[in-house]
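Subject: Structure for your study

Dear colleague,

Please find below the structure that I am handing over to you.

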Amino acid sequence: MSDQSGTTGASYAAAGVDIEAGDRAVELMKEWVKKAQRPEVLGGLGGFAGLFDASALKRYERPLLASATDGVGTKVDIARQMGVYDTIGHDLVAMVMDDIVVCGAEPLFMTDYICVGKVHPERVASIVKGIAEGCVLAGCALVGGETAEHPGLLGEDDFDVAGAGTGVVEADRLLGADRIRKGDAVIAMAASGLHSNGYSLVRHVLLNQAGLALDTRIEELGRTLGEELLEPTKIYSLDCLALTRTTEVHAFSHITGGGLAANLARVIPDTLHAVVDRSTWTPAPVFDLVGRTGRVERLELEKTLNMGVGMMAIVPAESVDAALATLGDRGVDAWVTGEITDRGEHTTGAELVGDYAV
């Protein structure tokens with residue numbers, strides 16, 4: 001519509017929001033969302049809310065719902081620079097659902113939020129593809145989400161992703177600090193790489209200080225720097241659930257922001273202490289690359305990065321063999337890395353001792 005002088009009035013499109021592009025993005029992502037379903041999900045993509053049939057929880061005597069939300073941090077900037085968008089969805093699911101499984105909960109469903117400066121339908125669909133594939137790996141459904149276009153706040157190629165998930169656990173099977181006992185063993189599960197934490201440090205050291213290009217091939221990594229930095233976060237949800245079905249587990253700890261010791265300490269009771277022996281594993285080369293290039297002290301690295309361990313399980317000593325066998329059968333690299341002792345004079349719930357294996 002225009003006024004008598006011929007001036008065109010304001011419009012949503014003129015303000016930078018492309019509704020048609022958003023509709024096309026929804027159409028492109030539908031095939032991927034269909035792949036991330038569970039029988040309890042009702043309806044399809046496009047409704048105002050995702051529906052999950054809660055009558056499926058009747059088999060529980062006292063079902064506890066577990067909920068978590070997270071993003072993938074500044075790793076999205078690596079994806080943007082690389083022009084690769086279908087891996088960070090795996091990261092998102094891992095960050096959310098591996099938090100949920102820590103208490104022993106089965107992942108049920110997830111929703112996502114994608115915020116962009118400008119909707120590029122194929123790009124948005126690629127992000128959702130990764131999220132859907134991640135949901136399949138976690139055993140949960142992708143029941144809905146939101147794509148928001150924020151022109152003026154974000155550049156045309158800028159974006160961020162976040163998600164929220166829900167799981168369920170029987171009350172008397174809830175895992176955590178109250179189950180842990182002196183003498184329990186700490187089992188480490190190998191990380192697939194940096195996962196999705198500490199990227200502000202990593203980007204500062206490798207890209208800003210050292211000036212490395214993402215397409216630089218790093219011999220010690222065996223691939224380009226960008227390929228290493230975009231390695232998807234391993235999703236442990238189904239592996240952890242398998243462990244709870246085959247042997248006794250007292251607690252899990254998801255190693256994310258804050259590093260190994262701080263995250264392990266979150267599940268250790270006040271009277272006990274976890275001792276983790278560094279000599280039981282060798283961190284992947286990328287951790288040494290960051291430390292050496294930026295002259296980052298070991299303690300700083302350890303409180304920022306996972307150092308090669310993405311998930312930990314605390315089990316009774318007599319359950320170690322069964323636990324390692326289950327994880328081995330599922331292709332998870334795992335090993336005994338420590339034990340639970342009395343707290344004594346220790347001021348924290350967990351510590352790392354010794355030196356990493358060479």
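H195 is buried, with a relative accessible area of 1%. Here, buried means under 20% relative accessible area, exposed means over 50%, and partly exposed lies in between, as judged with a 1.4 Å probe and protein chains only. H195 sits in the loop between β7 and α5. Helices (H or I, at least four residues) and strands (E, at least two) are DSSP runs, numbered from the N terminus. Although H195 is not a glycine, its phi is positive, at about 60°. Most residues other than glycine have a negative phi. M307 is a further case, with a positive phi near 60° in a residue other than glycine. M307 belongs to the loop between α10 (298-302) and β12, and at 5% relative accessibility it counts as buried.

**How the model should be read**

This is a predicted model, in which local features need pLDDT of at least 70 and side-chain atom pairs count only at pLDDT 80 or more, while totals for chains, interfaces and linings use all residues. Residues are numbered from 1 along each chain as its sequence is written, and side-chain values use heavy atoms, with hydrogens and water left out.

**The chain as a whole**

The chain has 11 helices and 14 strands. Of its 358 residues, 51% are buried. Its accessible surface comes to about 16,500 Å², of which 51% belongs to carbon and sulfur atoms; such areas come from the Shrake-Rupley method with a 1.4 Å probe, and for residues only the protein chains shown count as cover. Among contacts (heavy atoms within 4.5 Å) between residues at least 6 apart in sequence, 85% join residues at least 24 apart.

**The sheet of six strands**

In what order do the strands of the open sheet of 6 strands lie? The order is β10-β12-β7-β13-β11-β14, and the pairing is mixed. Two strands pair if DSSP finds at least two bridges between them. At the edges stand β10 and β14 (350-353), each with a single partner strand, so one side of each has no neighbour in the sheet. Neighbouring strands of this sheet are turned by 25° against each other on average, direction ignored. Axes are lines fitted to C-alpha atoms, for helices over the stretch in contact, and angles run from 0 to 180 degrees between N-to-C directions.

Strand β12 (residues 309-315) has 7 of its 7 residues buried, so it is largely enclosed by the rest of the structure. β12 runs antiparallel to β7 (residues 185-190), to which 6 bridges join it; I187 stands opposite A313 in β12. β12 is also antiparallel to β10 (residues 251-254), with 4 bridges. Within β12, I314 is the bridge partner of A251, and M311 is that of H254.

Helix α7 (residues 237-246) lies across β7, β10 and β12, and runs at about 170° to β10. Helix α11 (residues 320-329) also packs on the sheet, touching β7, β12 and β13 (334-342), and its direction makes about 10° with that of β7.

**The sheet of four strands**

Another open sheet has 4 strands in the order β3-β6-β4-β5, with mixed pairing. Its edges are β3 (63-71) and β5 (141-149), each with a single partner strand, so one side of each is left without a neighbour in the sheet. The twist averages 15° from one strand to the next. β4 (residues 106-116) and β5 pair in the parallel sense over 8 bridges, and I114 stands opposite T147 in β5.

**Helices α2 and α3**

In helix α2 (residues 75-82), K75, V76, D77, I78 and A79 are buried. The buried residues of α2 pack against α3, β6, α5 (199-209) and α6 (225-229). Just after α2, G83 takes a positive phi of about 70°. In α3, 12 of the 13 residues are buried, so this helix is largely enclosed by the rest of the structure.

**The nonpolar cores**

A nonpolar core is a set of buried Ala, Val, Leu, Ile, Met, Phe, Trp, Tyr and Cys residues joined through side-chain atoms within 4.5 Å. The largest has 75 residues, and those touching the most other members are F159, V161, L225, L264, I268, M312 and I314. Apart from it lies another core of 21 residues, among them V101, I187, A313 and A323.

Yours sincerely
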